[in-house]
Amino acid sequence: MDIINISNLTFRYGKKFIYDNFNLTIEKGSFVTIAGPNGSGKTTLVKLLSGLLKSYNDIKVFDKPLTRKNLNEIRKEVGFVFDVPDNFFACETVEEELAFSLENMAVQPSTIKKKINEISRLLKLDVYLKRNPMELSGGEKQKLALACALMLEPRILVLDESLMMIDINEKNEILKILKDYNQRKRVTIIYLTHDLNESLYSDRLVVLNEGKIILDGKVPFIFEEEAVMRKIGLEVPFIV
Ligand code: ADP
């Protein structure tokens, strides 16, 4: 079953078309990497999916068109993790930051505490719970942003270059954790990056260039198309 269905999407900034008759479907429960060089349209796609940029009836999430009327309901079940700006966090401690959204939804304190324990351990943030988010390193802030998204148990998790500041070994650890999370909880993960190394844990790789899909297939078999990836400046992972 498709959880996201984009059909004939057209979007432009001013006169410049970024997407022109773009089609993409994402299967429920899959872990998909969308990779492309800078300027290929990844962030624009995420903004369209989140409703930050307006599209019309060409995007369906959970079979519902992404209209203003449906947007709030859809957003409750889709977690977006963007590159973390410095003013992203609002609370004094990591623990409060993790609790923030659930407290606003009046979730029981004991349930919140249990979830904080689970998620902070999963991402090895448990040692930082009493720290001020602003004092964390860039990579730790990115882990916290991911943890905040997981606290809400989204059905779809969209990550836009959101592990960029985390060092390579730890990034691989987190990708493995995400893979496990995807399989255990059947959460659909859409991971956007310019780095093909980060696609190794996903089931499917979609390669985007100038708003068009130039490759789409199963990992690792898709890496046979090395020449196409090289042509647009994407380096195939060494391990492949
Ligand atoms: P990526 O995330 O893959 O780097 P983007 O979606 O950010 O790609 O950008 C796709 C194209 O749209 C680029 O050519 C970029 O210059 C252009 N673009 C992005 N944001 C804007 C904007 N707000 N106004 C005009 N052009 C934009």
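# Helices, salt bridges and buried residues in a predicted model

R230 is partly exposed, because its relative accessible area is 43%, a value that falls between the limits of 20% for buried and 50% for exposed.

## Salt bridges

The side chain of R230 meets that of E226 in a salt bridge, with 2.9 Å from N to O. Both residues belong to helix α7, which comprises residues 226-231, and they are 4 residues apart, about one turn of the helix. E226 is also partly exposed, since its relative accessible area is 32%.

How many salt bridges are counted in the model? The count comes to 14 salt bridges. The following table presents some of them.

| Pair | N to O distance |
|---|---|
| R230 and E226 | 2.9 Å |
| K179 and D203 | 2.7 Å |
| K176 and E173 | 3.8 Å |

The pair formed by K176 and E173 lies within helix α6, residues 168-185, where the two residues are 3 residues apart, about one turn of the helix. K176 counts as partly exposed because its relative accessibility is 43%. E173 is likewise placed in the partly exposed class, with a relative accessible area of 35%.

The side chains of K179 and D203 also meet in a salt bridge. K179 lies in helix α6, whereas D203 lies in the loop between β8 and β9, so this pair ties together parts that are 24 residues apart in sequence. K179 is buried, with a relative accessible area of 17%, while D203 is partly exposed at 30%.

## Helix α4

The length of α4 can be checked by simple reasoning. Helix α4 has 14 residues, 109-122, and at 1.5 Å a residue it should span 20 Å; the C-alpha atoms at its ends are 20 Å apart, which agrees. Just after α4, K124 takes a positive phi of about 55°.

## Helix α2

Helix α2 comprises residues 68-75, and its buried residues are N70, L71 and I74. Seen down the axis of α2, these buried residues fall within an arc of 120°, so they line one face of the helix. The face turned away from that buried side carries the exposed residues R68, K69 and N72. Which elements do the buried residues of α2 pack against? They pack against α1 (42-50), β4 (59-61), β5 (64-65) and β6 (78-81).

## Two buried residues

D58 is found in the loop between α1 and β4. This residue counts as buried because its relative accessible area is 15%, which is under the limit of 20%. Beyond its sequence neighbours up to four places away, D58 touches N5, I6, S7, N8, L9 and T10. D58 and K16 are 42 residues apart in sequence, and their C-alpha atoms are 19 Å apart in space.

Y191 has its place in strand β8. Is Y191 buried or exposed? At 0% relative accessibility, Y191 counts as buried. Leaving aside residues up to four places away in sequence, Y191 touches F31, V32, T33, I34, L159, L163, L175 and E198. Y191 and G217 are 26 residues apart in sequence and 15 Å apart in space, from C-alpha to C-alpha.

## A nonpolar surface patch

L200, I239 and V240 make a nonpolar surface patch of about 280 Å². Of these residues, L200 lies in the loop between β8 (188-193) and β9 (204-209). L200 is partly exposed, with a relative accessible area of 30%.

Note on methods: Residues are numbered from 1 along each chain as its sequence is written. This is a predicted model: local features need pLDDT of at least 70, side-chain atom pairs count only at pLDDT 80 or more; totals for chains, interfaces and linings use all residues. Side-chain values use heavy atoms; hydrogens and water are left out. The expected span of a helix is 1.5 Å times one less than its number of residues. Patches are made of residues with over 30% relative accessible area and no salt bridge: like charges are joined within 9 Å, nonpolar side chains (Val, Leu, Ile, Met, Phe, Trp, Tyr) within 5 Å. Accessible areas come from the Shrake-Rupley method with a 1.4 Å probe; for residues, only the protein chains shown count as cover. A salt bridge is a side-chain nitrogen of Lys or Arg within 4 Å of a carboxyl oxygen of Asp or Glu. Buried means under 20% relative accessible area, exposed over 50%, partly exposed in between (1.4 Å probe, protein chains only). The arc is that of the directions from the helix axis to the C-beta atoms. Contact means heavy atoms within 4.5 Å.
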